[in-house]
Amino acid sequence: MEVIVKIFVFLFGLVWGSFLNVVIYRVPEGISLLKPRSFCPVCGHKIKWYDNIPLFSYLVLRGKCRYCGAKIPLRYPLVELWTGLTFLLLWTNFHPQPLEMFRGFVFTSLLIILAGIDASKMLLPDIFTIPGTLSGIIFSLFLPPGLKSSLLGAAVGYASLWIFYKGFLLITGKEGMGFGDFKMFAMVGAFMGIQHLLPVLLLASVAGVFVGIGIMVIKRKKDLVLPFGTFLALASWAIYVFKLDLIRLSLKFTL
Ligand SMILES: [Zn+2]
């Protein structure tokens with residue numbers, strides 16, 4: 001029975017991921033989320049329902065539009081798979097606690113949206129980061145890490161990247177990141193609390209450096225701008241999920 005429930009949770013995650021893809025593409029373009037129905041951005045052809053099944057359609061179409069053959073970005077199946085996996089993890093980690101589960105759903109959806117928009121447009125829109133920060137603070141009224149840690153997390157998250165940005169600008173004369181990154185890190189602090197800011201920042205930076213060097217070696221480029229928000233999202237996601245696993249594990253060992 002448990003396995004069947006998990007399969008449903010995963011499938012529901014794939015469907016939600018497909019909606020997050022719509023948000024990732026449409027919000028920065030200023031297109032309504034409801035109308036028009038899904039279309040190919042290259043040829044404008046409406047996409048039939050059977051070509052719009054999460055993951056499955058991408059595989060059947062081999063990543064190309066049925067009408068014009070334009071490549072469908074790999075982001076689409078990746079976001080769907082990532083969301084499916086996230087739903088499964090949220091379910092296994094919190095399923096007797098509805099409020100925890102709801103917060104996890106809101107937080108991870110915001111992270112996936114921001115990761116996708118930053119990767120494709122180098123943008124972290126305020127419309128997600130500012131309400132995201134507020135909702136993280138509201139959840140902390142009822143859940144750990146508590147209001148104090150959440151407020152401090154938001155403030156220190158914003159300030160720390162701002163200082164980093166100013167320092168980087170002073171030393172190199174370049175902008176290492178943007179204001180969207182500060183607001184996104186404030187959101188992460190609001191949801192996860194001040195104690196998780198440093199681990200998230202370290203993991204995001206290390207991952208960014210490794211991927212950056214990898215791309216520069218493969219593509220033989222000397223200069224490269226990476227979407228830091230995408231790495232922040234991946235690091236926050238990993239620590240958010242992993243931390244809960246550690247708590248469960250330590251509970252198992254101590255009880
Ligand atoms: Zn097309």
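Two residues are in contact, or touch, when they have heavy atoms within 4.5 Å of each other. The model is predicted, and local features need pLDDT of at least 70, side-chain atom pairs count only at pLDDT 80 or more, and totals for chains, interfaces and linings use all residues. Residues are numbered from 1 along each chain as its sequence is written, and side-chain values use heavy atoms, with hydrogens and water left out.

Start with Leu111. Not counting residues up to four places away in sequence, Leu111 touches Met184, Met187, Val188, Ala233, Ser236 and Trp237. Leu111 is also among the residues with the most contacts inside the largest nonpolar core, together with Phe191, Met192, Val200 and Leu232. A nonpolar core is a set of buried Ala, Val, Leu, Ile, Met, Phe, Trp, Tyr and Cys residues joined through side-chain atoms within 4.5 Å. Buried means under 20% relative accessible area, exposed means over 50%, and partly exposed lies in between (1.4 Å probe, protein chains only). The core has 42 residues. At least two of its residues come from each of H1, H3, H4, H5 (126-139), H6, H7 (179-192), H8 (197-219) and H9 (228-254). Helices here are DSSP runs of H or I with at least four residues, numbered from the N terminus.

The chain is divided into domain 1 (1-95) and domain 2 (123-255), with bounds from an automatic or database domain assignment. The core draws at least three residues from each of these domains. The C-alpha centres of the two domains lie 25 Å apart, and 11 residues of domain 1 are in contact with 10 residues of domain 2.

Next, consider the helices one by one. The expected span of a helix is 1.5 Å times one less than its number of residues. H4 (residues 98-121) has 24 residues and should therefore span 34 Å, which agrees with the 34 Å between its end C-alpha atoms. Just after H4, Met122 takes a positive phi of about 55°. H5 has 14 residues and should span 20 Å, and its end C-alpha atoms are 19 Å apart, which agrees. The buried residues of H5 include Phe128, Gly132, Ile137 and Phe139, and the buried residues of this helix pack against H1, H4, H6 and H7.

H8, with 23 residues, reaches 32 Å from its first C-alpha to its last, close to the 33 Å expected. In H8, Leu197, Val200, Ala204, Gly208 and Gly212 are buried. An α-helix has 3.6 residues a turn, so residues three or four places apart point the same way. Just after H8, Arg220 takes a positive phi of about 50°.

The last stop is the zinc ion. Cys40, Cys43, Cys65 and Cys68 coordinate the zinc ion through their SG atoms, at 2.3 to 2.4 Å. Donors are N, O and S atoms within 2.8 Å of the metal (3.2 Å for Na, K and Ca), and since water is not among the atoms, sites may look incomplete. The angles among the 4 donor atoms are 104 to 116°, and the site is tetrahedral; four donors count as tetrahedral if all angles lie between 85 and 135 degrees. Cys40 lies in the loop between H1 (2-29) and H2 (56-60), and Cys68 in the loop between H2 and H3 (75-94), so the pair ties together parts that are 28 residues apart in sequence. Cys40 counts as buried because its relative accessibility is 6%, whereas Cys68, at 37%, counts as partly exposed.

Technical notes. Tetrahedral: all angles 85-135°; square planar, octahedral: opposite > 155°, others 65-115°.
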